[in-house]
Amino acid sequence: MAKRTIVAMPGDGIGKVVLNETIRVLDAAGFDAEYVNADIGWEFWCKEGNPLPERTLKLLKEHKIGLFGAITSKPKDAAAEELAPELQDKGLIYSSPIVGLRQHFGLDICMRPCKTYKGNPLNFIRRGAGDTIEEPEVDVVIFRQNTEGLYGGVEWSDPPDQVYEALMTHPKFLKNFGSTPREEISVSTRIFTKKYTERILRAAFEHAKQYGYKSVTVCEKPNVIRETSGMMYKMAKDIQKSDYPEIQLWNTNIDAQMMWLTKNPEDYGVIVAGNMFGDIVSDGFAGLIGGLGFACSAQFNPDSGIGVFEPTHGSAPKYADYDVSIVNPVAMIESACMMLDFINQQEIAAKIRKAVAEVIAEGKVRTYDMMKMSGRPDVIEKGAASTQQMADAIIERIK
Ligand code: NAI
Ligand code: MG
């Protein structure tokens, strides 16, 4: 097979560290690829007024597959203050480059698996009947609609005339907000389309079928958010009935689901949700399998074959400048495994996953989070592994 070119987008903070370590692991596992570095993140916002430069979009369009570390995002006003002096007053408005990337390439399918690692000291445990302690085995895959909904970016403060007038035609707006001064109103929309709702639902059902999960749970709030959540649930019922009768369709509300997380997380298989609820519920499940240091993701567009693979954690700025990095690289490494699956390199992915599982199960090399320490530079002296040592241990196992 021809050598692959992978677009490496380290981004900010710990994104740079975990991506570096992950490439070392990929090399050790025999993945034959070259990596082209692509600019994304805070530095490019400050210097160029664009955190997602055109050249990065071009590289991804050309090579199709990207590994992404993490970026730092800040609210609009804070971002404006950090722009280079010559870019101030140009009316530039900051928005998150990873959200922008997802929308630019229509990476509408986001998959976030959360599976218990045997022997992980961070696994969720629960008190059972009598005095027993239970350690439920979680094996869930969250399918999050990745481009629409509340993160769609269609929003206003002090909405312009046409928007305001349109809102005023809605009886509930008129009744509840009609007397509020317009400049005191901020609106963020939650738009779902049939096309992309159907795509995420079908991806979820298809995954359940292919990997033998018995249920697909729609995790929304259709009783209250009747139009968008309601549409998703109704479509799920139709799709299940016509094409996946063998798979059970469950319906939970996002708030109740957060409670069920600690009651019966082992009962769930595939979960499907809109953008924001998918983001929330996937962090919730990530907590049960060890936290953000273990939470990986894939996002892709099935039509173009463009895919970007990233840990679900952010840039953790407070750990970014340590002389010796202490953060856990597993989430990024597992995200790279999802990339390998996507490009039909399952054997290499399996090799890496096995090595990660063995290192965790053995328990000799643990990053600070696995030792339940709070993150400080002295965790290394206290016996925690550095990011690099964790990657080394995985590489050692691969060999
Ligand atoms: P974060 O995920 O960066 O960090 C939250 C906490 O999780 C950390 O303080 C640390 O305790 C823990 N953590 C995260 N990654 C870890 C790892 N690999 N190993 C061990 N512990 C880890 O989220 P936070 O602090 O809310 O956001 C920091 C910045 O990241 C913000 O600017 C935010 O906008 C951005 N962000 C970017 C994301 C992305 O690039 N996709 C996603 C989430 C946040
Ligand atoms: Mg998130």
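Predicted model: local features only at pLDDT ≥ 70, side-chain atom pairs only at ≥ 80, totals over all residues.
Local features are reported at pLDDT of at least 70 and side-chain atom pairs only at pLDDT 80 or more, while totals for chains, interfaces and linings use all residues. Residues are numbered from 1 along each chain as its sequence is written, chains are lettered from A and ligands numbered from 1 in the order in which they are written, and side-chain values use heavy atoms, with hydrogens and water left out.

The domain assignment divides the chain into domain 1 (1–107 + 302–399), domain 2 (124–150 + 192–288) and domain 3 (155–188). These bounds come from an automatic or database domain assignment. Between the C-alpha centres of domain 2 and domain 3 the distance is 33 Å.

Helix H9 covers residues 228–243 and has 16 residues. Helices (H or I, at least four residues) and strands (E, at least two) are DSSP runs, numbered from the N terminus. From first C-alpha to last, H9 reaches 22 Å, close to the 22 Å expected at 1.5 Å a residue. The expected span is 1.5 Å times one less than the number of residues. Buried residues of H9 include Thr228, Gly230, Met231, Tyr233, Ala236 and Ile239. Here, buried means under 20% relative accessible area, exposed over 50%, and partly exposed in between (1.4 Å probe, protein chains only). The buried residues of H9 pack against helix H8 (194–211) and against strands E10 (215–220), E11 (248–253) and E12 (270–273).

Side chains of opposite charge can pair when their charged atoms come close. The structure holds 30 salt bridges. A salt bridge is a side-chain nitrogen of Lys or Arg within 4 Å of a carboxyl oxygen of Asp or Glu. One of them joins Glu82 and Lys74 at 2.8 Å, N to O. Glu82 is partly exposed, at 35% relative accessibility. Lys74 is also partly exposed, at 30%.

Arg353 and Asp341 form another salt bridge, again at 2.8 Å from N to O. Arg353 lies in helix H13 (residues 346–362) and Asp341 in helix H12 (residues 330–342), so this pair ties together parts that are 12 residues apart in sequence. Arg353 has a relative accessible area of 28% and is partly exposed. Asp341 is partly exposed, with a value of 28%.

Glu362 pairs with Lys364, and the closest N and O atoms of this salt bridge are 3.8 Å apart. Lys364 is exposed, with a relative accessible area of 66%. Glu362 is partly exposed at 40%. Salt bridges that share partners join Lys354, Glu358, Glu362, Lys364 and Arg397 into one network. Glu362 itself belongs to helix H13. Glu362 and Asn120 are 242 residues apart in sequence, and their C-alpha atoms are 9.1 Å apart in space.

Arg102 sits in helix H5 (residues 97–104). Its relative accessible area is 8%, so Arg102 counts as buried. The Arg102 side chain makes a polar contact of 2.8 Å with the side chain of Gln299. A polar contact is a pair of N or O atoms within 3.5 Å; within protein, one must be able to donate a hydrogen and the other to accept it, and residues adjacent in sequence count only if both atoms are side-chain atoms. The side chain of Glu310 also makes a polar contact with that of Arg102, at 2.8 Å. Beyond its neighbours within four places in sequence, Arg102 is in contact (heavy atoms within 4.5 Å) with residues including Leu107, Arg112, Arg144, Asn146 and Thr147.

Ligand 1 is surrounded by 22 residues, each with a heavy atom within 4 Å of the ligand. The closest are Ile71, Ser73, Gly314, Ala316 and Asn328. An oxygen atom of ligand 1 lies 2.8 Å from a polar backbone atom of Ser73. For Gly314, a polar backbone atom is 2.7 Å from an oxygen atom of the ligand. A nitrogen atom of ligand 1 is 3.0 Å from a polar backbone atom of Asn328.

Most residues other than glycine have a negative phi. Asp89, not a glycine, has a positive phi of about 65 degrees. Asp89 is in the loop between helix H4 (76–81) and H5. Its relative accessibility is 82%, so Asp89 counts as exposed. Asn344 likewise has a positive phi, near 60 degrees. Asn344 is found in the loop between H12 and H13. With a relative accessible area of 58%, Asn344 is exposed.
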